Each structure stands twice: as structure tokens, then as C-alpha cells.
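Hi everyone, and thanks for coming. I'd like to walk you through a few spots in this structure, so please have the sequence and the view open.

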Amino acid sequence: MGGWWEEEHPASETMLPSAAARRRPAISLGALVAAAAVLSCHWVPGAVGDDAAWRFPTPGCDSFNSRESCCERHWRSVRMGAQVSVSLGAHDPTAAGAGHPFPTTISLIPGESGPTNQSEGVCCGFSNFTNLVGSNTGNPAQLNTVWQTTRLDQITEDTVPTDYCAAYRASYNGGNDACTKYVCYKLCIPPRFFFIGSFLPFPSWAENGPNCGTGVGPGGSDIACLIQDPSNVNAPGGSIIVTYLQVSETPVSDPSAPFPLGVRVGETYTFSINIVCPDSTGVIEILAIEDPGVPLGLEASPTSRSCAGAGVSACRTVTFTPRKGLAGTMHEARFVARNTPAGGICDPVESEVLVVRLPVAKPFISFTLPQTEARFKEVPIGAVYEDDLVCDGDNYDGEVRFLNMSFNGVTRPASEGMGGGELVEVARTSSTHGSTHSVRFRTTSTAADAGSDRTWCFTCGDRGSVVEERDMRCITVRTRLCEYSVVRGDSLNTLTRRHHIDTNWLRMWNANPSIPNPDLSLDEDLLVEFSDGENDMLQRFNSVRIGAVYTVKRGDTLNTVAARFQTTVKRLLSVNPLVAESPGGLISPGEDLCVLACTNKMDTTGSLWGMGGG
């Protein structure tokens, strides 16, 4: 070889010179001698018997060096796992004559060269130093060496030395040694991600996978796992380690997939990033990569060297609390670890890039009861109507909430109350990943509601109100005109007194020809029943009519209707609250009116009940 060279090669390459080196023309030792006049160190050839001298291509020796510079220690940096090559040259500097110059020999001094008793694969001795090309004997002589450093993943020790020196001897004629030449190496050790620990609070989102769902988390709770994706790819600047949060038997690593399981909006998921770096003298940092940055709600503690776990050099604790609007999406954070070795010889060295993909659970919350979006019921005055509402949260905590109430199409906000309705708590039942909320809606129809439609709307969402999407159900209760609910023990007489309907119970008996005996208890005789159409359950109301329902025709007024049925406008207004509240007591064609006819005659034909204004 002509000219000294030292190169650093990736560990994956063979222990041969680089392509550039292989393309160099071979130079004979004779040519090397001829070039020595130009390239050798600047000193005048000495007398016979002078010591051997180091010369180009020995590190530290070039055309501008003195003998003292050649003898100085030469330091160079080498990344762990790389292959480094060094060439050395020496000669007998004495003038010709008396058998001079003698052939010079260059050799490694084992006792002064780094640790030599290390076994193969263990950091970081010189047992795998080899001669590559050239001759170590001649005048001048040249020795070419290569050192394949140990890879980081082959090291079993927690810490290793970073400074290593190889000592070389150059001599001729059995003596006349040059100064001991030390070529020193500073191992630039990159950090690497050792393991990632993650724990989730109750309820767990973990189902399967290594240690998932095994109850080994804090307090015996399940844990979710950050799993390394086997399809990691190489990228410019280093490799990428992709991890994703495994929350079910089928890992959700596809960013386009919906995520029924994952970190829930508003709740905190905590994991730790741990680094191993055998360089105990370096400054270790774990950094979030600015591009693409970290998702909203992700925070990390400062890098610390006080970490739990054997062999952990540094760590950061990361918390992720997804915010509103992030549900149902995959979020990605990227980290890199950096070691800045002491001494200033090595530039900062970085690890591979760690990609952490975190799915945010899309809420799967819906009403299981009622099954239909809109419910419609007709009830008599005084009836108590009840309906169950069940909000099932598959992966969030379900919550039933009152939204608004409408009276004959006019909506009132929740802040104005439920308008005669109420919600009664029934139960909250926890499941593997969420909980179900059950309530009972209850309302009692009053005389003021006669002929009106009242609608209550409810939402089924998450308990923490962090998700905007909500399922909705509305229940409409229509209160019938001219019909009153009967409770146990009621008779026509007690019913008229309690509701202030009419002091003449005979007229009420006339409006209910199906009642055989007005003195008997009515709750045993009258049943108005219907199916709710959903669960084939019967909703039963005992009720009686207090009059007939008349449908207003074109040209009708309260006065003409009162005259026609021998009653008064005052009596009509008393049992038709919607008309009483309208401006001027106006009535419209098609509108139903409750009419209390002034007669004691029994309506055996039902003509009064079914009157249509003809």
C-alpha cells in the first residue's frame, strides 16, 4: 500500500478495505521508499546506530511533523460496532554504510495494548485485531491493521471502558527501538432503547398479548402492551423502531382503522422510555423529534439517570391524555436518545428512532332502551307514565342526561326544568371496558296538560362529557281530553270531588255507559290497555270519561259549541286548557274540544262520545 489510511466501516461490512481503497493502485515497497523523501518526517538522517523512526503513514506523522509529533499519542473516535483500519510505517533512518539501513520490524506490544484477555463477543479488547495487507518488515516497513469493534447488542455488561490504546514497537537489528507508538481510540457508544413499560388504570383496555390481561399491573389491574412492530424499516439517518399500543387480540397498528379500544379521551395513559448505554461518563438525553412532533396531550418528564430496572442508563416518563376531538384516531410520537461522550473527542451519537403509535378509543355508546329513537304514548289525566332508559357504554362510561323538553312543539332548554318529568336513578353496571347507566323516566299528567303533547329528549354519552357524539331518544306523552285516570278505591263520586270535575256524578255515569254500577270501585271495572310495540308489554291505565270529544268545524265558535250542547263557555274553558290559554279563546277547524253536556241522560249509543259536529 502506498500512503497511510484509516477508515471506519459499518459492522455489517466485511473486514476488507472500502471500495475506494480497493480502487487505489498497488504501490510497491520500492515506490514507497522513493516517496519517503517527500512524505517522511522532517529530520536529517542520523548516524549509524540511531533508533528506528516512525514515519508516514503512521498516525501523527506527515511531511510537516517532527519526530516528537510522531511519538505523541494519536486519538481517534470510533462508533461502537464499526470497523476501523490503521496503517503504520517505520524505517532505519541511518545513513547507508556498515550494513545500513537494516530492515525494520513493526509489532504490537500486547502488554501495553488495551485489555487483551477479553473473550470473543465481549467488549472491547483487541483480540480481533488482524493484519490486512502489506509487510511489517522492510526498510521502510508498513503494518496495516483492522479492528472490528463489538456491537452494542453484544455487550452483557452494564458499563464498559470507552478509552483504548494499542501500543506498537518499531525496531531494527534486534534493538534500536523507536519510541512506543500509541494509537488510541475513544469508543463513541450510542444509546439504545432497552424496554418500554406501560400501565393503564382501571378499567383496563388490555385483552391479550404478552402480559396483557394477566393482572400483573399495579394493584392487580391489567396492563396494556407497547409491542414492537416486526416490519420496522430503515430510514435515512438510522433505523426506526415502531411500537404500538396493543389493546386487543388483534393489534390496532393500522392508522386508518377505527379504534373501539385504546386510550380514552380525558384519561391518562402512562409509559416509560428506558435507555441502555454502557458509557457511564456521557450525558444521556431522550428527545422528542420535532417533526412530526408529539400529539396534543402528551407530556414527558426530564431525562433521569435514576431509573428502575437493571441495566437502565436513563429514562423518561411519558403521559398521554387525549383531548376532545382526538377520539377514533391514531396518534404518533417519535423519540431519539442521544449520548454526548465526555472528553470532546466523540461527536454526540444518537440511537435509532423510536416511534410510539397510540390509538385513541372511539366511543361506542348507545341506548339499548328505548330501542326506537322516538316514543309516543297517550295517557289519561292523572296517569303516572314511566319508561326505562338504558345507556350502554362499550368502551366509555355511559351516562343518560336530560337534553330539553317541548310543549306542543315549543322547545324549552334543560335549564328551565323537565316540565313535570323526572329521572330516577336505577343502576350503574361496570363492564370490561366501560359501564352501563340505567334510569327511569316518570311523569304525571295533570288537567293543565289535557289535549297537549309533551316531549322530553335525552342523550346517551360518556360520563365525563369529553366526547361530542351522543345518541338521543325522545319520549312524547299526549294527555287525552275528557279522560281521567282511576286509582284503587275510586268511585265516580270520589273521582269528581278529587279532580273538581263536576258535582253531578250522574252526568259522568252517562258518559261511561260501560260502568254497570256507579257505586262500585272503578279500578276493577275499567282498563284501558295497549302494547308499547317494543317489548310486547302492556301499559295499563284505569280511566273514565267525563264528557265527549267534539271536533271543531268551519264556522264554529265557543259560543255556538256551548249553545249546541247546552253548556257554557266557562265550562268549555275549564276542561280545555289549551283553548283557555289561546288569545281570545279562539278555536280552529279540526281542533278537538272536551264537551261536558248538560244532561243526565245516559249515552247508551255512544253518540256523544263519538260526536263529530254533524
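Predicted model: local features only at pLDDT ≥ 70, side-chain atom pairs only at ≥ 80, totals over all residues.

Residues are numbered from 1 along each chain as its sequence is written, and side-chain values use heavy atoms, leaving out hydrogens and water.

Now, to the disulfides. In general, a disulfide is a covalent bond between the sulfur atoms of two cysteines. Here the cut-off is a pair of cysteine sulfur atoms within 2.5 Å. How many disulfides does a search of the whole structure find? It finds seven, and I'll show you some of them.

Back to Cys482, which forms a disulfide with Cys594, with 1.6 Å between the sulfur atoms. The torsion about their S-S bond is about 125°, so this link is right-handed. Cys482 sits in strand S30 and Cys594 in strand S35 (residues 592-595), so the bond ties together parts 112 residues apart in sequence. When I say strand, I mean a DSSP run of E with at least two residues, while helices are runs of H or I with at least four, and both are numbered from the N terminus. Cys594 is buried too, because its relative accessibility is 0%.

Please stay on S30 for the next one. Cys457 and Cys474 are joined by a disulfide, with their sulfur atoms 2.1 Å apart. This pair links distant parts of the chain, since Cys457 is in strand S29 and Cys474 in strand S30, 17 residues apart. The torsion about the S-S bond is about 105°, so this disulfide is right-handed. Are these two cysteines buried or exposed? Cys457 is buried, because its relative accessible area is 9%, and Cys474 is buried at 15%.

S29 has another cysteine to show you. Cys460 is joined to Cys391, S to S 1.9 Å. Cys391 lies in strand S24 (residues 384-393) and Cys460 in strand S29 (residues 453-462), so the bond ties together parts 69 residues apart in sequence. With 75° about the S-S bond, the link is right-handed, and both Cys391 and Cys460 are buried.

What does the side chain of Arg473 reach at 3.4 Å? That is the backbone oxygen of Gln371. The Arg473 side chain also makes a polar contact with the side chain of Asp471, at 3.3 Å. A polar contact is a pair of N or O atoms within 3.5 Å; within protein, one must be able to donate a hydrogen and the other to accept it, and residues adjacent in sequence count only if both atoms are side-chain atoms. Leaving out residues up to four places away in sequence, Arg473 touches several others, including Phe367, Trp456 and Cys457, where contact means heavy atoms within 4.5 Å.

That's my tour, and I'm happy to take questions.

How values were computed:
Buried < 20%, exposed > 50% of the residue type's maximum accessible area, 1.4 Å probe, protein only.
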